[in-house]
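Subject: Structure handover

Dear colleague,

Here is the structure you asked to look at, together with the sequence. My notes on it follow below.

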Amino acid sequence: MRSLKLIETICIVILASFMILAILGYLITPDRTRYCNTQLPEIAFLNPFSKACFAKNYLQAFESSVDAITGIQYYERPVLVENESTSKSCHLFILGTDRFGRDLLSRLIIGTRYTLLIAFFAVLFAVIIGVTLGSLSGYFGGRTDRTINFVIGVFWSLPSILFAFVIVLAAGKNIGALFVSIGITIWADMAKLVRGLVMVQKECNYVRSATALGFSPSRILFIEILPNISGPILVQASSNFALAILLESGLSFMGLGLQPPIPTLGNIMQDQYTQAFNGQIIQSLIPAIVLVLLILSFQIVANTVRDRLDVKLSRD
């Protein structure tokens, strides 16, 4: 039990750290330009914890006022100098640089922000559709239930990544198209869950009393029933968050996500994996490790929330 609690605590800390880094964004990145796109080909493919020396402090090149949302657009490009130069200031690149000489740590922080943003809106979109259709199906039953179940079955039969692939190709490679395509592929699970919960709840005495008092179906569904099933919905949404991150990264890895120079975990991984062929195994694995930690943390935290909300499990 202690080891499980330790793992849960570590995952919560990791998840909180990723979120804090994503929120702070350009306020803490070494490269504060928009999309962290300062290209210095002279220092491309630096290994983690390597130093490069400049005529002026690397961070001072970005001293102008920083917008936490978009970064800075106009800056003084850092000038690289030889190590034997007397007038120099060296900067430590903690995770090294990519093939364009861009700071990998900065791009991973901003890439995490874009990945989490897309996943959040995708899950929100899926929750809205799934809760609405699942509630209608479970409460009204009959023809409404059969129709919605047929639609759910159709979406379940479609491969998620291929369906998202088609939507992105049709709608374009932008944030809106991405979160809609991902949300449409994951709403069916939420709808099935809500349908079953509503079917159970509508047989309860408090729902029968509300019906006898003449309350409208919309009030019974969204005021009376939904607050009582919010726990399982929250757990399912947390699980869907991990799936949304995985789908977004998969699309970006295939070149169907946000386009460079906008960083996401998927397109950074796609850009970095080629370095494995040059013998830089660690650098090629860094984005993949970040992605795995993020998805795994979300999944374990979702399971923890489920255990806390499940009365039977908490008693055991």
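First, a term: on a 1 Å grid over the protein atoms alone, a pocket is an open set of points where a 1.4 Å probe fits, with protein on both sides within 12 Å along at least five of seven lines, whereas in a cavity the probe fits but cannot get out. Lining residues have an atom within 4 Å of a point. Grid points are joined across faces, edges and corners, and a volume is the space filled by probe spheres set on the points.

This is a predicted model, in which local features need pLDDT of at least 70 and side-chain atom pairs count only at pLDDT 80 or more, while totals for chains, interfaces and linings use all residues. Residues are numbered from 1 along each chain as its sequence is written, and side-chain values use heavy atoms, with hydrogens and water left out.

Overall fold

The chain has eleven helices and two strands, taken as DSSP runs numbered from the N terminus (helices H or I, at least four residues; strands E, at least two). Their order along the sequence is α-β-β-α-α-α-α-α-α-α-α-α-α. The C-alpha trace spans about 85 × 50 × 40 Å along its principal axes.

Second largest pocket

The volume of the second largest pocket is about 310 Å³. It is lined by 14 residues, and those closest to its centre are Ala 22, Arg 113, Tyr 114, Leu 116 and Leu 117. Two elements, α1 (2-24) and α2 (104-140), each give two or more residues to the lining; α2 gives the most, with five. By type, the lining has eleven nonpolar residues, one polar and two charged. Here Ala, Val, Leu, Ile, Met, Phe, Trp, Tyr, Cys and Pro count as nonpolar, Asp, Glu, Lys and Arg as charged, and the others, Gly among them, as polar.

Helix packing

Axes are lines fitted to C-alpha atoms, for helices over the stretch in contact, and angles run from 0 to 180 degrees between N-to-C directions. α2 packs on α7 (residues 217-225) at about 115 degrees, with the axes 11 Å apart. That makes the two roughly perpendicular (65 to 115 degrees; under 35 is roughly parallel, over 145 roughly antiparallel, the rest oblique). For α5 (residues 175-201) and α8, the angle is about 155 degrees and the axes are 10 Å apart, so α5 is roughly antiparallel to α8.

Backbone details

Gly 255, which follows α8, has a positive phi near 85 degrees. In the loop between α8 and α9 (265-272) is Pro 261, joined to Pro 260 by a cis peptide bond with omega of about 10 degrees. Phe 45, in the loop between α1 and β1 (50-54), is not a glycine, yet its phi is positive at about 60 degrees.

Regards
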